[in-house]
Amino acid sequence: MEQESPGLTRIRRVARLLDDSVGVPLTRYRVGLDALLGLVPVAGDAVTALLSLYIVVEAARLGVSLRTLARMVLNVALDFAVGSVPVVGDLVDAVWKANERNAELAAADLGRADQTPF
């Protein structure tokens, strides 16, 4: 099996930190910094949007196609816009997990979607 590139490994780690790093007590569900920082109105969503753009920049450096990069930017923009809505946006952040979607888009575009995530 081909070794995953360090860039793709970084993308997956940041995505996990943002979307899936903290267990919700008494459940099997996990959320990340995106949902937690999103509790801070507008500023929290702005910070996580910037962190999410790191994934897009790293994907561009790895050679992901423009079409996939556009989809990734759209995911970040939607996550920011919906996440900025009080309460509902926080719930959407916890469920939709845009960063993990973007990590998978990058991996698929690079032909490595069959690799284990971490």
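**Salt bridges**

I began inside helix α3, where Glu58 and Arg61 sit three residues apart, about one turn of the helix. I took helices (H or I, at least four residues) and strands (E, at least two) as DSSP runs, numbered from the N terminus. The model is predicted, so I note that local features need pLDDT of at least 70 and side-chain atom pairs count only at pLDDT 80 or more, while totals for chains, interfaces and linings use all residues. Residues are numbered from 1 along each chain as its sequence is written, and side-chain values use heavy atoms, with hydrogens and water left out.

The Glu58 and Arg61 side chains form a salt bridge at 3.2 Å, N to O. The term means a side-chain nitrogen of Lys or Arg within 4 Å of a carboxyl oxygen of Asp or Glu. Side chains of opposite charge can pair when their charged atoms come close.

How many salt bridges does the structure hold? I found five. Glu58 also pairs with Arg10, with the closest N and O atoms 2.8 Å apart. That pair links distant parts of the chain, since Arg10 is in helix α1 (residues 6-19) and Glu58 in helix α3, 48 residues apart.

Next I checked exposure, where buried means under 20% relative accessible area, exposed over 50%, and partly exposed in between (1.4 Å probe, protein chains only). Glu58 counts as buried at 2%. Arg10 is partly exposed at 35%, and Arg61 is exposed at 63%.

I then looked at Lys97 and Asp20, whose side chains meet in a salt bridge (3.9 Å, N to O). Lys97 lies in the loop between α5 (88-96) and α6 (98-109) and Asp20 in the loop between α1 and β1 (22-23), so the pair ties together parts that are 77 residues apart in sequence. Both Lys97 and Asp20 are buried. I also noted a network of salt bridges linking Glu4, Arg12 and Glu104.

**Around Val31**

Val31 is in strand β2 (residues 30-31). Is Val31 buried or exposed? At 10% relative accessibility, Val31 counts as buried. I listed what Val31 touches (contact means heavy atoms within 4.5 Å), not counting residues up to four places away in sequence: the partners include Asp20 and Lys97, along with Val22, Val24, Leu36 and Ala94. Val31 and Trp96 are 65 residues apart in sequence and 10 Å apart in space, C-alpha to C-alpha.

**α4 against α5**

Trp96 turned up again here: on the α5 side, Gly89, Asp90, Val92, Asp93 and Trp96 meet Asn75, Leu78, Asp79, Val82 and Gly83 of α4. By class, this contact has four nonpolar, three polar and three charged residues. I counted Ala, Val, Leu, Ile, Met, Phe, Trp, Tyr, Cys and Pro as nonpolar, Asp, Glu, Lys and Arg as charged, and the others, Gly among them, as polar.

**Enclosed space**

Last, I went through the lining of the largest cavity: Asp34, Asp45, Thr48, Ala49, Ser52, Val76, Asp79, Phe80 and Asp93. On a 1 Å grid over the protein atoms alone, a cavity is a set of points where a 1.4 Å probe fits but cannot get out, and lining residues have an atom within 4 Å of a point. Which helix gives the largest share of the lining? That is α3, with four residues. Both α3 (43-62) and α4 (66-83) supply at least two. By class I get three nonpolar, two polar and four charged residues in the lining.

Technical notes: 1 Å grid on protein atoms, 1.4 Å probe; cavity = no way out; pocket = protein on both sides within 12 Å on 5 of 7 lines; lining within 4 Å.
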